[in-house]
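This report is meant for someone looking at the structure for the first time.

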Amino acid sequence: MTTSMLSPTSQNNSFEAADSNSGNTPSKSFVVCKVCGDKASGYHYGVTSCEGCKGFFRRSIQKQIEYKCLRDGKCLVIRLNRNRCQYCRFKKCIAVGMSRDSVRYGRVPKRSREKGDDNRVTTSEADQSANVKLDTMQISMYEIISAISQAHHNHCAYTDEHTQNLMRKPAIFKLEPEYSSSPDYSPSSITADSLEQQKINMWQRFADFITPSISRVVEFAKRIPGFLELSQDDQLILIKSGFFEIWIVHISKMVNLVDNTLTFSDGSYITRQQMELMFDYEFVSSIFNFMLSFNNLHLNDTEIGLFSALVLLSLERFGISDIKAIHRIQESIAEALRLQIIRHHSNDTQLHPNVMMKLPELVQLGIKHAEHLSWFRANWTKLKLPPLFAEIFDIPKSEDELLLVAQ
C-alpha cells in the first residue's frame, strides 16, 4: 500500500519525566521530590515526594479526577510550574512509581522505604505479589483511559465542550435555480431529469462537512496506546474502514429528533429528507435509529472516546495482517471501557453489555455505507470532492487512480 495523506506519522508520545534537579547531587539534609524536584517531606505512596505532590496525588485518586493536557502530554513538571498542568503532573506521579493502592492501603512500612520498593503490608508473599500485579494493571488501565480521553477531547469536534454554545444554521447547497436551498423542501419535488445533479451537488457539500473529521480521526488514532506500533498498512486499513463508523458515533449527539436534522461541527445542519436524497430512506432510518439508541446510553465524552477507539481496532476489517497485535490492543481498550463504565455507572449493570451490542450495529451501517459508495465510484468524473474525502473512501480522482482502485 502506498503512502498517503492519511498515513499516521510516527511520533514519540512518551512522557518525559524530566526533573529540574536531576543534575544535582542532593545532600543528606535535602532530598528532592521525584515528581517536581521540591524538597521531599518523606516517602509517600511508594515514592520520595513533597507534601504538595503527596496531597495532589491523594486527591486525584480519591476523587477519581480526570485531567486534560493542552500540550499533547509533554509538559515539563518542576517545582515552579507543577500546578500549571495537572494531567502531566499526575502522569509523572504514576511514571515515578506512586501507587494508587497505597492511597487506599495507607503507609508503607519502613523496611520497604529503605529498599525503595512500592510494597505494602500484606499477610503473605502471595498476597503481596497479587497486590502488586493488581496495582500495575490498574495503573495501566488508568493510563489507557487518560490517553484516549485526552485524545478524544483534543481531536473530536463533537464533545460537550465544543458543542455547548454551537449556533445552528441551515446548510447551503448549490441546487438548480428552480429548487430552493431551504431545508424544508421535499425530494419528491425534484424531477427525475435533475435528480442526479441534485444528488451530486448535495454529496459534494456533504463531503465538505465530513472532511474535517477525517484528519481529526487520524490524529486521534495516533494517540491510542499501541496503534503506531502496528504496520503502516494495518493503520491505514483500520482508519479507512472504521472512519465512517467512528464519525457516526461522534455526531450522534448532534441529531435532533424534533425537527429531524443533523448538525455538523460548524453549526450547519441538514435535514433527514436531504440525507434520504443522498442515500435512501432505509439507510437513513438505520442511522437515525442508531443515533437515538446510542444517545439513550448517556455515555460521557471519555466513554465515547474509548468506544470510538474500540470501533477503530475492529478485527472485522478486511486486509489487516497482524491480527494478534490488533487483538491485544483491542482487549486492553475493551477492559478500560468496562472499568470506566463500572466506575461511573455503578447502578446500571446492563450498560456495559448494551454498549458492546452497538458494535455489530455499526458494522452493518459501515457495510451499507460501502454499498452506497459504489455510486460515487461510478460518477467520479462528475464530482469535485476534497482530496481527503476521496482518499479515505477510495474514490478515484483520475484515470490512473481508477486503475489502482480496480486492481
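Are α8 and α11 roughly parallel or roughly antiparallel to each other? The model is a predicted one, in which local features need pLDDT of at least 70 and side-chain atom pairs count only at pLDDT 80 or more, whereas totals for chains, interfaces and linings use all residues. Residues are numbered from 1 along each chain as its sequence is written, and side-chain values use heavy atoms, with hydrogens and water left out.

Helices here are DSSP runs (H or I, at least four residues), numbered from the N terminus. Two packed helices are described by the angle between their axes and the distance between the axes; the axes are lines fitted to C-alpha atoms over the stretch in contact, and the angles run from 0 to 180 degrees between N-to-C directions.

| Helix pair | Angle | Axis distance |
|---|---|---|
| α8 (residues 232-251) and α11 (residues 301-312) | about 150 degrees | 8 Å |
| α1 (residues 51-62) and α2 (residues 86-95) | about 100 degrees | 10 Å |

Since angles over 145 degrees count as roughly antiparallel and those from 65 to 115 as roughly perpendicular, α8 and α11 are roughly antiparallel to each other, while α1 is roughly perpendicular to α2. Contact means heavy atoms within 4.5 Å, and between α8 and α11 it involves residues including Leu238, Ile246 and Val249 of α8 and Ile304, Phe307 and Leu312 of α11. By class, this contact has 8 nonpolar, 3 polar and 1 charged residues, where Ala, Val, Leu, Ile, Met, Phe, Trp, Tyr, Cys and Pro count as nonpolar, Asp, Glu, Lys and Arg as charged, and the others, Gly among them, as polar. In the other pair, residues including Cys53, Phe56 and Phe57 of α1 meet residues of α2, among them Arg89, Phe90 and Ile94.

A nonpolar core is a set of buried Ala, Val, Leu, Ile, Met, Phe, Trp, Tyr and Cys residues joined through side-chain atoms within 4.5 Å, buried meaning under 20% relative accessible area with a 1.4 Å probe and protein chains only. The largest such core has 88 residues, of which Phe227, Trp247, Leu313 and Phe389 touch the most other members. Its largest share, 12 residues, comes from helix α7 (residues 192-222). Apart from this core lies another, of 23 residues, with Cys33, Cys36, Tyr45 and Cys53 among them.

Arginine 272, found in helix α9 (residues 272-278), is buried, with a relative accessible area of 18%. Leaving aside residues up to four places away in sequence, Arginine 272 touches Asn260, Val284, Ser285 and Phe288.

Key:
Buried < 20%, exposed > 50% of the residue type's maximum accessible area, 1.4 Å probe, protein only. Helix = DSSP H or I, 4+ residues; strand = E, 2+ residues; numbered from the N terminus. Parallel < 35°, antiparallel > 145°, perpendicular 65-115°, else oblique.
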